Amino acid sequence: MTAFATPQPTWTAIVNALDEEPSDTAWAFKLIIQCRNHLRHALLQAGNDPDLIPTSDPADWSKDPARKAPRRSENPNRVRRPSTDISGGPEGARGFYERWHVLLGVIIAHEYEEFGRPVPAWTGPLRMKKDWVLPTPSMTDTQVRNSTPPWLAERGLFVSPRELARA
């Protein structure tokens with residue numbers, strides 16, 4: 001049986017990867033796209049049954065993964081991030097992790113919308129306080145902004161469609 005990349009393990013993997021190497025944004029992005037692909041597959045399998053998300057528990061998608069900080073997979077007592085960069089807690093992700101939390105939630109919400117299903121409540125209000133452009137090789141920030149799908153741009157996220165398809 002295939003293990004599905006639901007939001008909580010995806011979030012834990014993102015935070016652990018960025019704790020180890022803060023510049024490894026390509027890996028963090030790939031983890032989000034893997035989660036999206038697994039959700040898309042599950043929604044395709046579910047077909048027209050709005051209550052069914054096979055191969056995973058629907059509750060796995062309805063909980064905000066950043067409601068608490070994940071434990072480090074290695075050296076759980078070692079902290080690399082400054083205290084201003086909170087990966088989870090009562091107010092959700094902030095600081096360096098906010099962009100990844102928002103991107104994960106917005107992509108999950110978009111998949112639900114594409115399949116005509118209600119989005120998980122935690123994904124609805126997500127929006128960047130300050131616009132964020134995902135660095136893209138061979139594209140300027142302006143090119144990325146101009147090519148970003150509207151459903152991302154309206155949430156303050158700018159990602160090239162090429163990156164969304166390629167990851």
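User: Which side chain of opposite charge is nearest to the buried Arg155, which has no salt bridge?
Analyst: In this predicted model, local features need pLDDT of at least 70, side-chain atom pairs count only at pLDDT 80 or more, and totals for chains, interfaces and linings use all residues. Residues are numbered from 1 along each chain as its sequence is written, and side-chain values use heavy atoms, with hydrogens and water left out. With Lys and Arg counted as positive, Asp and Glu as negative, and His and the chain ends not counted, the nearest opposite charge is 4.8 Å away, on Glu154.

User: Which backbone oxygen does the side chain of Arg155 reach?
Analyst: Arg155 lies in the loop between helix H6 (150-153) and strand E2 (157-158). Leaving aside residues up to four places away in sequence, its contacts (heavy atoms within 4.5 Å) include Val106, Leu126 and Met128. At 3.1 Å, its side chain reaches the backbone oxygen of Thr123.

User: Why does the salt bridge of Glu111 with Arg40 tie together parts that are apart in sequence, and how many residues apart are they?
Analyst: The closest N and O atoms of Glu111 and Arg40 are 2.8 Å apart. Because Glu111 is in helix H4 and Arg40 in helix H2 (residues 25-46), the pair joins parts separated in sequence by 71 residues.

User: What is the relative accessible area of Lys129?
Analyst: Lys129 forms a salt bridge with Glu98, with the closest N and O atoms 3.4 Å apart. Glu98 is in helix H4 and Lys129 in the loop between H4 and E1. Glu98 is buried at 14%, whereas Lys129 is exposed, with a relative accessible area of 73%.

User: Over the ring of which residue does the charged end of Arg145 sit?
Analyst: Arg145 also forms a salt bridge with Asp131, the closest N and O atoms being 3.4 Å apart. A charge sits over a ring if NZ of Lys or CZ of Arg is within 6 Å of the ring centre and within 35 degrees of the ring normal. The charged end of Arg145 is 4.4 Å from the centre of the ring it sits over, that of Phe158.

Terms used
Helix = DSSP H or I, 4+ residues; strand = E, 2+ residues; numbered from the N terminus. Buried < 20%, exposed > 50% of the residue type's maximum accessible area, 1.4 Å probe, protein only. Salt bridge = Lys/Arg side-chain N within 4 Å of Asp/Glu carboxyl O. Polar contact = N/O pair within 3.5 Å; in protein donor to acceptor, adjacent residues only side chain to side chain.
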